[in-house]
Amino acid sequence: MKRKAAQIPAARRAGPAVQPAPAPTNGRTKGRKRPELVFGDKWEFDPAPETVDPGIKPEYDLFIGGKWVAAKTGKRFDSISPADEKKVSSLALAGEADVNAAYAAASGASEKIWLKMSGRERGKYLYRIARLLQDKSRQLAVAESIDGGKPIKESRDFDLPMAAAHFFYHAGWADKLHYVTPGRTPQPLGVVGQVIPWNFPLLMLAWKLAPALACGNTVVLKPSETTSVTAMLVAEVLQEAELPPGVVNFVTGFGATGAAVVGHPAAKKVAFTGSTEVGKIIMRQLAGSGKKLTMELGGKAANIVFDDAPIDQAVEGVINGIYFNQGHVCCAGSRLLVQESMAEEFVERLKRRVAVLRVGHPLDKNTDVGAINSKEQLQKITEIVAAGVAEGAELHQSTCKLPEKGWYFRPSIFTNVTQSHRVAREEIFGPVLSVLTFRTLDEAVEKANNTAYGLSAGVWTDKGSRILKMAASLKAGVVWANTFNKFDPASPFGGYKESGFGREGGRQGLLDYLA
Ligand code: NDP
């Protein structure tokens, strides 16, 4: 951080105001006052833009059979950067005939090459892809932030390392699949159809491709219409890795393209990550088809803070849990359940922390909260937040400056929330936290489980026994204790109830790609 003294008016150079604030004792306030420095806007950050050229081409065709192929529809659509509403690239719109061509390429590659190849050889390709992702991680991170709006520090430090880690991890499994299915010989399924969302485009792609390829399947994948660019860059990585043509095929397009991918008769398995709404449409479409199916759908996670929790860590965990990736996270801790005895103090601390979150251009290295992925998503967030206010919840928003161009939303906290409010029930998929309170452990469990979803949860407490009791009682696929949003390729991830079924990662994730 650099203070721009020369530019600061004399009146503002007087230094920070000193205001009384509660003094922490063992992380808690006990009524003693200590002065707190309130800087307001007296300190500014110099812009710190990431300047690497990500090498995005002005237009891309479909990636079928290892080559770039023009769409038979003859149609195209644009990918727009949410940061400044500028066009990023033009993409080909795949129709049914294009999806057929992609499946023909995937079936051919499956029969002629991939099924016959030993696990050891397949593993070498996965290692090569992982290393290339690491080599190109800076360009890929920049492309991900330009196309999707997430802060560069997140795409650089989370999405790219995790994507490479998934390929490394599954490369190791490729020649050890007999340990996945003890007592029987594991068999690949053949061709799998995969559809992914826009919130972690490259990471979701890695979650899908790596286990499928390690298990000996070939793939037809459709990325989201608003974030297809990094899939196109990954196609170039696959070419450089000399992956046999047709083993992976990318078809870009809208929902209808996705419907053609999941419904294709050649797809032996469908792996879908996206909204619960579209997940239900796909389940209806595929009922009775005999296709193996995994569904990674929405969530409304409870982040539960007991009054013996390490308070500073819990504040950071709650902030990270909801504002990471602008809240566009399926497992976001969007419902804070805080014990009543310390709720007031905890919420005050959250508000102070939210006030210093920097909302800004995704490519600025200082940005904490980037751009909302699309205009439609911004409208959806705005509408649910308005409903929260209309239903009587109290809205607190950061007062930070927002960039003039692009789609941004202030980090927000709702208090006075009841279980029936829309902001407590619906997945907002934006930087909006709803705060509820509880008195006893049983009440916390009851409220946390009172949701249609069941993807993740967080527990903050000093007591190990309480963590174990909570983990056993919470109906969520993942329960984090004294942390949040932690991932590892070896750790299976997935949901209960309307958050879907099937697991991604770990041995369990491999089972979904084997017969
Ligand atoms: P959507 O369900 O709207 O879209 C997901 C993908 O499905 C997109 O590629 C979309 O294409 C495509 N699609 C749309 N309609 C159909 C259809 N009828 N048949 C087949 N495919 C279709 O989700 P979002 O992209 O808005 O992603 C956000 C959602 O994803 C949230 O609910 C989030 O919780 C969930 N998610 C779940 C995760 C998990 O692991 N459980 C992880 C990440 C996100 P198009 O883009 O063209 O509309």
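In what follows, Ala, Val, Leu, Ile, Met, Phe, Trp, Tyr, Cys and Pro count as nonpolar, Asp, Glu, Lys and Arg as charged, and the others, Gly among them, as polar. The model is predicted, so local features need pLDDT of at least 70 and side-chain atom pairs count only at pLDDT 80 or more, while totals for chains, interfaces and linings use all residues. Residues are numbered from 1 along each chain as its sequence is written, and side-chain values use heavy atoms, with hydrogens and water left out.

There are 28 residues around the ligand, each with a heavy atom within 4 Å of it. I196, E225, S275, L297 and E427 come nearest. By type, the shell divides into 15 nonpolar, nine polar and four charged residues.

For S224, an N or O atom of the side chain is 3.0 Å from a ligand oxygen. The protein buries 89% of the 900 Å² that the ligand exposes when taken alone (Shrake-Rupley method, 1.4 Å probe).

Two or more residues of the shell come from each of α7 (255–263), β11 (269–273) and α8 (276–286), and α7 gives the most, with three. Helices (H or I, at least four residues) and strands (E, at least two) are DSSP runs, numbered from the N terminus.

Elsewhere, the structure holds 18 aromatic pairs, meaning rings of Phe, Tyr and Trp (its six-membered ring) with centres within 6.5 Å; planes under 30 degrees apart are stacked, over 60 edge-to-face and the rest tilted. One of them, W114 with Y125, is tilted, at 5.8 Å centre to centre and 55° between the planes. W114 lies in helix α1 (residues 96–114) and Y125 in helix α2 (residues 119–135), so the pair ties together parts eleven residues apart in sequence.

How values were computed:
Polar contact = N/O pair within 3.5 Å; in protein donor to acceptor, adjacent residues only side chain to side chain.
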